[in-house]
Amino acid sequence: MTRLETIIAVKDVAKSSKWYQDLLGLKSEHGGGNFEMLADKKGSVILCLHRWGEHDHPTMADSSRIAGNGLILFFRISDLQGIWSNALRMNLEIEQEPHLNGNSGQRQFILRDLDGYYLIVSE
């Protein structure tokens, strides 16, 4: 089996970890100031967070670059209304409110995370 575990560079790993946990109900599987693994209730890693400039990764060395250029974090979830309620409670930067995507036929909403990454949350 092949599985992708996306790692994004963030300014504050602990703050971003809490943000994703609060929004999506993920849990910490690693913890720490430089790296975090966030998993769903079944223990599958969904997203990893890496502090800018740590461990000499060339694509995570310069935090002055635009984070996520060419990247969309697409989360397929089972409780769109629940996650939408979390987003409203957290007063997040919403790009598009829940709507029907004409291409996929699924309801979704779009927002930005603390570092400006573009997230689509979809059924």
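Axes first: I took them as lines fitted to C-alpha atoms, for helices over the stretch in contact, with angles running from 0 to 180 degrees between N-to-C directions. Helices (H or I, at least four residues) and strands (E, at least two) are DSSP runs, numbered from the N terminus.

The model is predicted, so local features need pLDDT of at least 70 and side-chain atom pairs count only at pLDDT 80 or more, while totals for chains, interfaces and linings use all residues. Residues are numbered from 1 along each chain as its sequence is written, and side-chain values use heavy atoms, with hydrogens and water left out.

Entry 1, the fold. I found two helices and eight strands in the protein. Along the sequence they come in the pattern β-α-β-β-β-β-α-β-β-β.

I looked up α1 (residues 13-24) and α2 (residues 80-89): they pack at about 135°, axes 8 Å apart.

Which residues of α1 and α2 meet? D22, L23 and L24 in α1 meet I83, N86, A87 and R89 in α2, contact being heavy atoms within 4.5 Å.

The C-alpha atoms fill a box of roughly 40 × 35 × 30 Å along the principal axes.

I got 37% of the 123 residues as buried, meaning under 20% relative accessible area with a 1.4 Å probe, protein chains only. The protein exposes about 7500 Å², and carbon and sulfur atoms supply 47% of that; the areas come from the Shrake-Rupley method with a 1.4 Å probe.

Notes
Buried means under 20% relative accessible area, exposed over 50%, partly exposed in between (1.4 Å probe, protein chains only).
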